[in-house]
Amino acid sequence: MSVKWGLIGASAIARQFMINAIRAQADGKIAAVMSSSPERAQAYAVENNIPLAVSTLDELLGEDVDAVYISTTNELHLEQALAAIEAGKHVLCEKPLALASADARRMVAAARDAGIVLGTNHHLRNAGAHRAMREAVAAGRIGRPIAARVFHSVYLPENLQGWRITKPEAGGGVVLDITVHDADTLRFVLGDDPVEVSAFTQAAGMAGGGLEDGAMCIWRFKSGLIAQSHEGFTTKFAGTGFEVHGSQGSLIASDVMTQRPGGLVLLRTAEGEEQLSFDHEDLYVRSVRQFHAAIHGGGQPAATGEDGVWSLASAEAALQSANSGKAVKIDPKLGSMK
Ligand code: NDP
C-alpha cells in the first residue's frame, strides 16, 4: 500500500532533501504541493515533477493524501498541523513544532486523540554517527557519562538568509533553528533528558529585528551530566562536532552536525583509540522510512511529537535564560496533557 504525501510549504528543505527522501521509499508518492502563492505552487510543482499544485490548505487536505509534510515557516506549523490532524492525515512536521511548547503539546494531544502519527523532523537522530554514539553510551563503553559538548555553529548559506534572520514573528533566530536540534541530539545520544539551561545569545552581525544569530548554552541533565552547546549562523570556518566524556572513555565525533551522512567518531579509552563504524544512509530517507513504518503500525517516527515538545521546551528555556540572565528549569509538561 503506497503512502501518498501532500507537501505543505514550497520550501528549500523539501526541494533539497525531503522530496527525494519520500521518492526513495518503495511505497512513497508525492501527490500535491501547497504554497500560499498559486504561482509559486505551480512553478514548484513543475520544477519538482509534482502532479498537483494548490494554494490553500483546504484544497490540499481535500485531496486523497495519507500524510502531510509541513515545512512552512515556524509560526504556521501549529495551525496547519491541527487542520491536517482534523482531516485525518498523518503529520511529519518540521522543527520547531510551534513557537511555544504549549502549542506543540496541543499538536501532540490532538494527534494522540485522533489516532494520527505525528513526527518531528529532527534529522540528526537518523545519522549513523549519532546512532553509533548512542549505542556506545548505552553499552557502557565510556563508563558513566559525565559531560557532553556540542559544536554546531555554522555559516547560514545565503539562500537561507531570509526569515531566519529577519522575522521574529516567523520564529527566526538560531535558537529555534539549531538549538532545538542540539537539545534533541543530546537527548538521543545520551538517553537522558535536560532539566535546566543557562544561555547567552548574541547578534554577531547577520541577524536583525532583535533576533540572535549565536548562542552558547549550558545544560544540566537528569543524571547529573552537564553539557555545553554552541549554535551560530556567522562562523564560516568553525567545523562541527559532538563529544561525550565518561568515567571510562570519551566519544569524540567531528563533522557530524550536518544534513549529510558521514563524519568521524572516535572512542578513546585506556585501551587506545578506536574509530567507530556506522552506516552512511541518507538521514532524511531513514526519517521517512521510519515514519512510513509508524503509519503501518511498526513502531514510532525517529523523533515523535513528544520529542518535538522536549526540544522546543528546551529551546524556549534557553531563550528565557538569555533574556533573564538566570538559569531556567526545563519542563515539557507532557504529563499534564489533556
Ligand atoms: P524556506 O524559506 O525555503 O521556505 C519556507 C516558506 O517560505 C515556504 O513555505 C514558502 O511559503 C516561503 N517561501 C519560499 N520561497 C519563497 C519566495 N521566493 N518568496 C516568498 N516566500 C517564499 O524555508 P526552509 O526550507 O529553510 O525551512 C522550512 C522549515 O523547515 C522551517 O520550519 C525550518 O525550521 C525547517 N528546516 C528543517 C531542517 C531539518 O534538517 N530538519 C533544515 C532546514 C529547515 P509558501 O509555501 O507559502 O510558498
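## Two helices side by side

Let's start with a helix pair: helix H5 (residues 101–114) packs against helix H10 (residues 305–324) at an angle of about 175 degrees, and their axes are 9 Å apart. That angle makes H5 roughly antiparallel to H10, a label for angles over 145 degrees, while under 35 counts as roughly parallel, 65 to 115 as roughly perpendicular and the rest as oblique. Axes here are lines fitted to C-alpha atoms over the stretch in contact, and angles run from 0 to 180 degrees between N-to-C directions. Helices (H or I, at least four residues) and strands (E, at least two) are DSSP runs, numbered from the N terminus.

On the H5 side, the contact (heavy atoms within 4.5 Å) uses Ser101, Ala104, Arg105 and Val108, and H10 brings Gly305, Glu306, Val309, Leu312, Ala313 and Glu316. These residues divide into five nonpolar, two polar and three charged. Ala, Val, Leu, Ile, Met, Phe, Trp, Tyr, Cys and Pro count as nonpolar, Asp, Glu, Lys and Arg as charged, and the others, Gly among them, as polar.

## About the model

This is a predicted model, in which local features need pLDDT of at least 70 and side-chain atom pairs count only at pLDDT 80 or more, while totals for chains, interfaces and linings use all residues. Residues are numbered from 1 along each chain as its sequence is written, and side-chain values use heavy atoms, leaving out hydrogens and water.

Helix H6 (residues 128–138) and helix H8 (residues 174–190) meet at about 45 degrees, with axes 7 Å apart. H6 and H8 are therefore oblique to each other. Their contact involves His130, Arg131, Met133, Arg134 and Val137 of H6, together with Thr185, Arg187, Phe188, Val189 and Leu190 of H8.

## Around the ligand

Which residues are closest to the ligand? Among the 25 that surround it, they are Ser35, Ser36, Arg40, Asn74 and Tyr284. To be counted, a residue needs a heavy atom within 4 Å.

A polar side-chain atom of Tyr284 lies 2.5 Å from a ligand oxygen atom, and one of Arg164 lies 2.9 Å from a ligand oxygen atom.

## Two backbone details

Most residues other than glycine have a negative phi, and most peptide bonds are trans. Asn49, in the loop between helix H2 (38–47) and strand E3 (52–54), has a positive phi of about 60 degrees. The peptide bond from Lys95 to Pro96 is cis, with omega near -20 degrees.

Conventions:
A polar contact is a pair of N or O atoms within 3.5 Å; within protein, one must be able to donate a hydrogen and the other to accept it, and residues adjacent in sequence count only if both atoms are side-chain atoms.
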